[in-house]
Amino acid sequence: MKSLFLVITMNSPVVSFFIKLIFFLLSVMIVPVSYAVPCNKNETLVASCDLPGKIKRSASFCTNDNQEIRYYFKKNSSIELQIDFHQKRKLKRWVDLATYTVYLGFNNGIYSYVMGIPEEKPGAVAFMEVKKNGRILSSYNCLSNSFGKKDIDNESIEDIEDSSIRDNGFIFP
């Protein structure tokens with residue numbers, strides 16, 4: 001008699017609803033927050049940052065087989081800014097030896113852009129900073145970390161020595 005009760009209870013619409021609800025909630029909690037696909041199909045993610053706010057915004061660095069790197073700034077999945085890096089225009093990379101944070105940065109006219117990717121450990125959050133004429137215009141902690149291939153060996157990246165940044169008042173890029 002008990003087994004008949006269990007079969008009837010398990011097949012009830014209420015139990016079925018709660019089982020589906022539990023699976024849905026678990027899938028939402030397991031999947032990390034990501035607003036957009038950061039790179040194209042033929043590219044590899046170097047680093048990305050989903051920015052906070054009501055509008056979905058993301059910044060990402062991607063590389064391709066030709067050793068080129070591309071920076072994307074997307075708003076609602078539409079590309080707002082795209083910068084290409086290659087042999088003649090290199091992306092700057094600095095590894096802060098005190099914190100093991102990797103900084104990727106570049107200048108574009110009067111603006112400078114820096115993404116900081118911390119050492120991979122629990123609670124570490126990447127950040128994005130934009131300056132105009134050397135003054136901070138915006139600074140955000142990312143909603144999620146990419147921990148992509150930030151240490152990639154690439155001809156379009158110029159590595160900056162830690163000592164040169166420290167000896168220059170921490171000015172980067």
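1. Basis of the note. The model is predicted: local features need pLDDT of at least 70, side-chain atom pairs count only at pLDDT 80 or more, and totals for chains, interfaces and linings use all residues. Residues are numbered from 1 along each chain as its sequence is written, and side-chain values use heavy atoms, with hydrogens and water left out.

2. Helices (H or I, at least four residues) and strands (E, at least two) are DSSP runs, numbered from the N terminus. An open sheet is formed by six strands in the order β9-β8-β7-β6-β5-β10, with mixed pairing. The edge strands, each pairing on one side only, are β9 (135-141) and β10 (157-160). From one strand to the next, the twist averages 20°; axes here are lines fitted to C-alpha atoms, for helices over the stretch in contact, and angles run from 0 to 180 degrees between N-to-C directions.

3. Pairing of β8 with β9. Strands of a sheet pair through backbone hydrogen bonds, either parallel or antiparallel. Two strands count as paired if DSSP finds at least two bridges between them. Strand β8 (residues 127-132) pairs with β9 in the antiparallel sense over six bridges. Met 128 has Tyr 140 of β9 as its bridge partner.

4. The disulfides. Two disulfides are present in the structure, a disulfide being a pair of cysteine sulfur atoms within 2.5 Å. With bonded cysteines counted along the chain, they follow the pattern 1-3, 2-4.

5. Cys 39 and Cys 62. These two cysteines are joined by a disulfide with an S to S distance of 2.0 Å. The torsion about their S-S bond is about -85°, so this disulfide is left-handed. The pair links distant parts of the chain, 23 residues apart: Cys 39 is in the loop between α2 (13-30) and β1 (44-51), and Cys 62 is in strand β2 (residues 57-63). Buried means under 20% relative accessible area, exposed over 50%, and partly exposed in between (1.4 Å probe, protein chains only). Cys 39 counts as buried at 11% relative accessibility, and Cys 62 is buried with a relative accessible area of 1%.

6. Cys 49 and Cys 142. The disulfide between Cys 49 and Cys 142 has an S to S distance of 1.9 Å. Its torsion about the S-S bond is about -105°, so it is left-handed. Cys 49 lies in strand β1 and Cys 142 in the loop between β9 and β10, so the pair ties together parts that are 93 residues apart in sequence. Both Cys 49 and Cys 142 are buried.

7. Side chains of opposite charge can pair when their charged atoms come close. A salt bridge is a side-chain nitrogen of Lys or Arg within 4 Å of a carboxyl oxygen of Asp or Glu, and a search of the whole structure finds eight. In one of them, the side chains of Asp 159 and Arg 93 meet at 2.6 Å, N to O. Asp 159 in strand β10 and Arg 93 in strand β5 (residues 91-96) are 66 residues apart, and the pair links distant parts of the chain. Asp 159 counts as partly exposed at 49% relative accessibility, whereas Arg 93 is buried at 6%.

8. Further salt bridges. Asp 162 and Arg 166 form a salt bridge in which the closest N and O atoms are 2.8 Å apart. Both residues lie in helix α3 (residues 162-166), four residues apart, about one turn of the helix. Asp 162 counts as buried at 10% relative accessibility, while Arg 166 is partly exposed at 29%. Salt bridges that share partners join Glu 43, Arg 70 and Asp 84 into one network. Glu 129 forms a salt bridge with Lys 131, the closest N and O atoms being 3.9 Å apart; Lys 131 is partly exposed, with a relative accessible area of 22%.

9. The largest pocket. On a 1 Å grid over the protein atoms alone, a pocket is an open set of points where a 1.4 Å probe fits, with protein on both sides within 12 Å along at least five of seven lines; lining residues have an atom within 4 Å of a point. Grid points are joined across faces, edges and corners, and a volume is the space filled by probe spheres set on the points. The largest pocket has a volume of about 210 Å³. It is lined by 13 residues, of which Tyr 71, Phe 73, Tyr 113, Val 130 and Ser 138 are the closest to its centre. At least two lining residues come from each of β2, β3 (69-75), β7 (111-117), β8 and β9. Strand β9 gives the most to this lining, with three residues.
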